[in-house]
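Here are a few exercises to work through with the model open beside you. Try each task before reading its solution.

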Amino acid sequence: MNALTRVSHFFIVALLITFSFNSYAAPALYKIEKNGVSSYLFGTVHVGDASMKGLPKNVTDAISASKEVIVEVDISKLTPLEMQQRSMPFMMLSDGKTLQTELSKQNYTKLKDYFAKKSIDIAMFNGLKPWAVMVTMMQIEFQNAGYSDKTGIDKQVLSYAKEHNIKIGELETLEQQLQMFDGMVLLSNEMIEETFEQLADINTYFIKLVNAWKSGDMDTLTDYYNMSFDDSNYGEISEQVMLTNRNNNWVKQLTPRLANEQLFIAVGALHLPEKHGLLKQLRDKGFSVTRL
């Protein structure tokens with residue numbers, strides 16, 4: 001994820017897309033029904049700004065009507081120190097490898113220059129895997145643009161559930177989520193290259209996606225998905241590792257529960273569309289799926 005066709009698109013969408021909850025906003029909230037049991041599926045975004053504070057009423061109503069909130073990973077139960085302690089083993093290189101040995105000379109030089117312009121010594125990252133450095137770059141750029149995970153929708157959903165004593169469950173562990181990146185270790189150079197391309201024109205793609213979410217334009221998101229995960233080797237592997245495998249596993253977990261329990265499921269927005277998305281897979285399992 002041309003500039004729109006590689007895995008870094010996944011991070012642009014999954015970490016960056018934000019939308020303002022004004023009167024015209026239409027977050028992707030769906031009702032899932034079978035056997036007279038109703039649950040909800042909510043496409044979330046992971047970072048936001050101050051304008052995103054406060055969930056829409058239809059979302060809070062849906063959470064309140066549910067017996068349990070299900071998220072990808074319940075990060076609310078982890079302290080910052082616990083998060084760091086559990087994450088670092090997956091982010092660190094081993095066996096004498098360094099960031100410099102894992103990247104081409106050209107890409108390493110570009111990274112070095114990037115951090116130097118921000119008065120950061122690249123030596124700080126020499127023990128990290130390339131994907132961890134990429135995530136760090138995006139966090140820096142998003143923070144500079146005024147966006148933070150603190151105002152992301154995921155955290156707001158978790159906070160609302162906790163405040164109202166609603167049980168919280170998770171679809172995978174933090175370790176499982178981090179481990180998926182190792183499935184793309186052979187594509188580290190492509191990942192870094194595309195990250196630079198995206199960051200070079202982040203405003204254009206950011207604005208396009210924000211507008212799509214503000215208008216509830218799922219067709220635009222689907223088009224964006226198809227450009228991000230194209231039929232190249234890189235596109236196919238990133239789709240399989242980051243979305244398809246996880247979606248399939250989640251559907252196996254959720255299918256028996258949705259037939260009997262009232263759940264509110266909140267996952268990243270890119271997990272909803274297309275043939276491997278949760279919407280189609282649940283419909284194929286006999287569930288009625290209705291956009292609210």
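## Exercise 1: Gln 156

Task: find which residues Gln 156 is in contact with, leaving aside its neighbours within four places in sequence.

Solution: Gln 156 is in contact with Met 52, Lys 53, Gly 54, Leu 55 and Thr 151, where contact means heavy atoms within 4.5 Å. Gln 156 itself is found in helix α7, residues 153–163. Helices here are DSSP runs (H or I, at least four residues), numbered from the N terminus. Next comes accessibility: Gln 156 counts as buried because its relative accessibility is 14%, and buried means under 20% relative accessible area, with a 1.4 Å probe and protein chains only.

A word on the source: this is a predicted model, in which local features need pLDDT of at least 70, side-chain atom pairs count only at pLDDT 80 or more, and totals for chains, interfaces and linings use all residues. Residues are numbered from 1 along each chain as its sequence is written, and side-chain values use heavy atoms, with hydrogens and water left out.

## Exercise 2: α5 against α9

Task: determine at what angle helix α5 and helix α9 pack.

Solution: Helix α5 (residues 105–117) and helix α9 (residues 188–200) pack at about 40°, their axes 10 Å apart. Axes are lines fitted to C-alpha atoms, for helices over the stretch in contact, and angles run from 0 to 180 degrees between N-to-C directions. That angle makes α5 oblique to α9; the oblique class is what remains after roughly parallel (under 35 degrees), roughly antiparallel (over 145) and roughly perpendicular (65 to 115). Now list the residues: Asn 107, Lys 110, Leu 111 and Tyr 114 of α5 meet Asn 189, Ile 192, Glu 193 and Phe 196 of α9.

## Exercise 3: α6 against α9

Task: work out how α6 and α9 lie relative to each other, oblique or roughly parallel.

Solution: Start with the axes of helix α6 (residues 130–144) and α9, which come within 9 Å and cross at roughly 10°. The two helices are therefore roughly parallel to each other. On the α6 side, the contact includes Trp 131, Met 134 and Met 138; on the α9 side, the residues include Met 191, Ile 192 and Phe 196. Among the buried residues of α9 are Met 191, Ile 192 and Phe 196.

## Exercise 4: Leu 278

Task: decide whether Leu 278 is buried or exposed.

Solution: Leu 278, found in helix α13 (residues 278–284), has 1% relative accessibility and so counts as buried. Its contacts beyond four places in sequence include Leu 41, Asn 247 and Trp 250. Asn 247 is 31 residues away along the chain, yet the C-alpha atoms of Leu 278 and Asn 247 are separated by 6.4 Å.

Conventions: Buried means under 20% relative accessible area, exposed over 50%, partly exposed in between (1.4 Å probe, protein chains only).
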